[in-house]
Amino acid sequence: MADTPFSAADHAFMTRALRLAEGGLRTTDPNPRVGCVLVRSGEVVGEGWHLRAGEPHAEVRALEAAGESAHGATAYVTLEPCAHHGRTPPCAEALARAGVARVVAAMEDPNPQVAGQGLERLKVAGVETASGLMEGPARTLNPGFIRRMQTGRPHVRLKMAASLDGRTALASGESQWITGQAARTDVHGLRARSSAVVTGIGTVLADDPRLTARVEDAVAQPLRVVLDPHLALPPEAALLREPGRTLVVAAAGGDGQADDGAEAALVAAGAEVIRLPAHGGTIRLGPLLDHLGAEEQVNELLVETGATLAGAFLEAGLWDELVLYQAPHLLGDAARGLFRLPEPASMAERTTLRVVERRMFGDDQRLWIRREEG
């Protein structure tokens with residue numbers, strides 16, 4: 001954090017940088033979303049945001065826009081400038097070389113390859129630095145990147161839709177559609193910002209979902225992940241006909257079984273098949289998250305599934321957020337519930353959640369929920 005308070009102008013320009021960073025909300029994977037504003041004599045002289053991995057970072061775009069006006073300017077950047085050579089050269093060096101006089105970062109980079117080194121390199125070059133301005137909003141912008149850098153695992157967001165009495169489908173399994181079109185359109189936005197979408201084989205067999213982000217702007221489709229211990233996914237499943245990748249996760253070792261050519265048929269249909277540890281015929285979620293973080297560089301994982309798998313994520317504590325769409329319908333007590341969870345021994349042991357946002361989509365309510373820490 002900076003030793004001196006930030007001014008109102010500092011807050012205003014960082015707010016602008018955060019807004020710019022949202023331009024990469026659906027496109028920067030596996031990189032973080034970052035915005036940068038260059039200001040000299042109280043006027044914006046250049047700004048930019050990171051759009052895609054391998055393309056110029058936000059600081060470079062802002063410097064290109066500012067040209068010679070960058071000399072003596074203050075750079076407001078939502079994440080500490082990088083100090084290492086990745087797909088692009090270090091942004092800290094670019095800022096110093098351009099003669100920027102001051103750099104204000106919303107937060108230090110959680111990437112161990114940076115972790116304060118970018119700000120330190122700027123200090124050595126004679127640039128005034130400060131960090132911690134509007135760190136909360138900056139962290140909210142990149143929950144998955146921060147989680148993956150700190151733990152090796154993605155940020156896990158559960159998405160569920162239910163009736164007013166907490167039911168997700170009729171007893172027969174019929175579930176389309178509980179919510180209206182506005183809520184379903186919003187779900188496509190959730191998918192578009194996600195690195196991957198995971199579901200269980202039961203959901204695929206029941207609903208034959210596509211699991212794509214159908215939004216107006218062109219985005220890379222999230223990785224589709226199907227937990228399918230015994231390779232029951234039909235090669236003609238809808239999600240195998242969609243653009244992008246489908247990863248089928250089968251059980252390894254004694255929890256697997258002879259697939260009688262099922263794996264070869266799925267590969268021929270365009271799927272990728274891997275095997276991970278399982279217990280009792282169920283894919284273990286810890287190794288799954290480890291694989292998605294390390295091998296697939298998944299930042300934000302969206303879980304769209306039924307009560308059993310959703311309950312498993314909750315019971316294991318392997319989740320960060322729950323997005324619940326609630327429709328003003330009643331389906332009755334014989335209909336299927338939201339989560340399959342063991343009953344707590346007492347009310348004192350119940351799971352406590354924290355609603356951080358309520359928003360209406362047509363007649364449906366969206367609750368954005370986080371875990372109640374401590």
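Guide: Let's begin with a term: a pocket is an open set of grid points with protein on both sides within 12 Å along at least five of seven lines, and a residue lines it if it has an atom within 4 Å of a point. Keep in mind that this is a predicted model.

Visitor: Which residues lie nearest the centre of the second largest pocket, and how many line it?

Guide: The lining has 30 residues, and T140, R193, E321, W368 and R370 lie nearest the centre. The space in this pocket is about 900 Å³. Strand β17 (353–361) gives the most to the lining, with five residues.

Visitor: How do the lining residues of that second largest pocket divide by class?

Guide: Into 16 charged, ten nonpolar and four polar. Asp, Glu, Lys and Arg count as charged, so R193, E321 and R370 go in that class, while Trp counts as nonpolar, so W368 goes there.

Visitor: And what about the largest pocket: what volume does it have?

Guide: About 1,400 Å³. It is lined by 47 residues, and the closest to its centre are T203, D207, E304, T305 and G306. Helix α7 (181–193) supplies the largest share of that lining, seven residues. By class, the lining has 19 nonpolar, 19 polar and nine charged residues.

Visitor: What makes a space a cavity, and how many of 30 Å³ or more are there?

Guide: In a cavity a 1.4 Å probe fits but cannot get out. There is one of 30 Å³ or more. The largest cavity has a volume of about 50 Å³, and its lining includes T28, D29, R33, F145 and E300. Helix α6 (residues 143–151) gives the most to this lining, with three residues.

Visitor: On to the rings. How many aromatic pairs are there?

Guide: The count comes to two. In one of them, the rings of F13 and Y76 have centres 5.4 Å apart and planes at 35 degrees, so the pair is tilted. The cut-offs explain the label: centres must lie within 6.5 Å, and planes under 30 degrees apart would be stacked, over 60 edge-to-face.

Visitor: Where do F13 and Y76 sit in the chain?

Guide: F13 is in helix α1 (residues 8–21) and Y76 is in strand β3 (residues 74–77), so the pair ties together parts 63 residues apart in sequence.

Visitor: Why is F13 called buried?

Guide: Because its relative accessibility is 17%, and buried means under 20%. Y76, at 4%, is buried as well.

Visitor: What makes R184 count as sitting over the ring of W177?

Guide: R184 lies over the ring face, at 4.4 Å from the centre, and the distance cut-off is within 6 Å.

Visitor: Are C36 and C82 buried or exposed?

Guide: C36 is buried at 0% relative accessibility, and C82 is buried at 6%.

Visitor: Last one: why is A232 called partly exposed?

Guide: Because its relative accessibility is 41%, which falls between the 20% and 50% cut-offs. A232 is in the loop between β9 (223–227) and β10 (246–251).

Technical notes. Residues numbered from 1 in each chain as written. Predicted model: local features only at pLDDT ≥ 70, side-chain atom pairs only at ≥ 80, totals over all residues. Heavy atoms only, no water. Phe/Tyr/Trp six-rings, centres within 6.5 Å; stacked < 30°, edge-to-face > 60°. Helix = DSSP H or I, 4+ residues; strand = E, 2+ residues; numbered from the N terminus. Buried < 20%, exposed > 50% of the residue type's maximum accessible area, 1.4 Å probe, protein only. Lys NZ or Arg CZ within 6 Å of the ring centre and 35° of its normal. 1 Å grid on protein atoms, 1.4 Å probe; cavity = no way out; pocket = protein on both sides within 12 Å on 5 of 7 lines; lining within 4 Å. Points joined across faces, edges and corners; volume = space filled by probe spheres on them.
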